[in-house]
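Trainee: Could we go through the voids and one of the helix contacts in this model? Please begin with what the terms mean.

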Amino acid sequence: MSSPTGPAPGLPVRMPRPRQPGRHRRPEPAAAPVGAPPLVLAVPGTPEPTTRGLAEEILSIARSELPGIDARIGYVDAEGDSGGYPSLESVLAHAAAQRAARAREAEASGSAEDAADSWDRWPTAITVPLLAGPDNALLRRIRQSVMNSGSVTELTDTLGPHPLLAEALHVRLSEAGLARADRARLFTVATAADGIILATVGGEEAVQAAGITGMLLSARLAVPVLAAALDEEGAVARAAEQLRGSGSRQLALAPCLIGPEVAEGLAAEAAREISCAAAEPLGAYPAIGKLALAKYASVLGITPQPSPQGVPGR
């Protein structure tokens with residue numbers, strides 16, 4: 001089971017790749033600084049094994065990019081630590097207690113100056129929302145958990161919009177046979193969509209953010225892309241009507257969502273209502289872990305060594 005102090009035992013952990021010999025070997029990735037605060041992934045949705053596995057895979061990607069990082073999961077909609085799904089509030093409170101205990105130990109050992117330098121220059125924790133775009137209702141709950149925890153926590157922005165999300169959407173569409181996989185080779189797919197609806201949740205602000213990612217996706221695929229909110233009645237149907245009115249005949253719905261933040265089956269149901277195929281949510285595509293780490297690293301002022309291109313997605 002998961003705990004505030006780390007991943008659940010028995011779950012797979014992505015390990016750093018061994019360093020290759022030779023002049024053209026990849027540089028060793030930067031390690032997490034000594035005394036750096038934990039990265040706490042704020043995971044929305046119903047706490048369940050599928051959600052936990054997704055979050056653990058995303059943090060495994062982050063650990064492989066920044067060895068030594070202390071990465072934890074806090075569930076936005078959990079209560080306390082019951083059932084092995086620690087709430088975000090309890091994870092942050094635990095991190096604050098650990099920081100205070102270590103500072104006291106350092107002071108007792110006569111290294112108070114070093115303790116102040118190690119423990120006071122950064123926040124208690126850095127919380128990264130597991131959201132592809134802004135969702136004000138969810139973000140309010142996350143902020144409330146931060147305040148209730150009593151910890152000095154830095155809350156980062158959501159993961160998108162970002163070019164890596166457009167890449168992930170492209171991959172998910174190609175996996176579903178709805179887009180060519182490789183623009184350079186001009187590989188065509190008989191079922192490729194000529195119009196894409198980028199589905200999101202979180203209201204108008206989320207739609208605007210998804211629209212930016214949609215522009216990047218449109219440039220990759222050379223087809224029109226419109227963003228629409230799954231949680232706004234009729235929004236997906238209106239987007240489909242607009243695309244069909246402009247000449248698109250084979251539509252596809254691409255969830256600009258990680259997965260846990262939306263009710264299971266909602267995107268598929270919306271696709272059925274407008275008679276089109278749908279790709280899978282972004283899930284644990286490697287770019288999601290890298291974006292979460294990038295948010296964390298920007299607070300610390302460090303730059304993790306980027307991994308090689310072409311890492312397969314989950």
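Mentor: A pocket is an open set of grid points with protein on both sides within 12 Å along at least five of seven lines. Please keep in mind that this is a predicted model.

Trainee: How much space lies in the largest pocket?

Mentor: The largest pocket holds about 780 Å³ of space.

Trainee: Which residues lie nearest its centre?

Mentor: The lining of the largest pocket has 33 residues, and those nearest the centre are G259, P260, V262, E264 and P281. Two or more lining residues come from each of α1 (49-65), α4 (136-149) and α8 (266-273). By class, the lining of the largest pocket comprises 17 nonpolar, 7 polar and 9 charged residues.

Trainee: And cavities? How many of 30 Å³ or more are found?

Mentor: The search of the whole structure gives 3 cavities of 30 Å³ or more. The largest cavity has a volume of about 60 Å³.

Trainee: What lines that one?

Mentor: Its lining includes L131, P134, D135, C256 and E261. The lining of the largest cavity divides into 7 nonpolar, 2 polar and 2 charged residues.

Trainee: Changing topic: at what angle do α5 and α6 pack?

Mentor: Helix α5 (residues 163-175) packs against helix α6 (residues 204-221) at about 55°, and their axes are 8 Å apart. Because of that angle, α5 is oblique to α6. The crossing of α5 past α6 is right-handed.

Trainee: Which residues make the contact?

Mentor: Among them are L165, L169 and L173 of α5, and L216, L217 and R220 of α6. The contact of α5 with α6 divides into 8 nonpolar, 2 polar and 2 charged residues.

Definitions and conventions
Residues numbered from 1 in each chain as written. Predicted model: local features only at pLDDT ≥ 70, side-chain atom pairs only at ≥ 80, totals over all residues. Heavy atoms only, no water. 1 Å grid on protein atoms, 1.4 Å probe; cavity = no way out; pocket = protein on both sides within 12 Å on 5 of 7 lines; lining within 4 Å. Points joined across faces, edges and corners; volume = space filled by probe spheres on them. Nonpolar A, V, L, I, M, F, W, Y, C, P; charged D, E, K, R; others polar. Axes fitted to C-alpha atoms, helices over the stretch in contact; angles between N-to-C directions. Helix = DSSP H or I, 4+ residues; strand = E, 2+ residues; numbered from the N terminus. Parallel < 35°, antiparallel > 145°, perpendicular 65-115°, else oblique. Left-handed = near helix turned anticlockwise from the far one by under 90°. Contact = heavy atoms within 4.5 Å.
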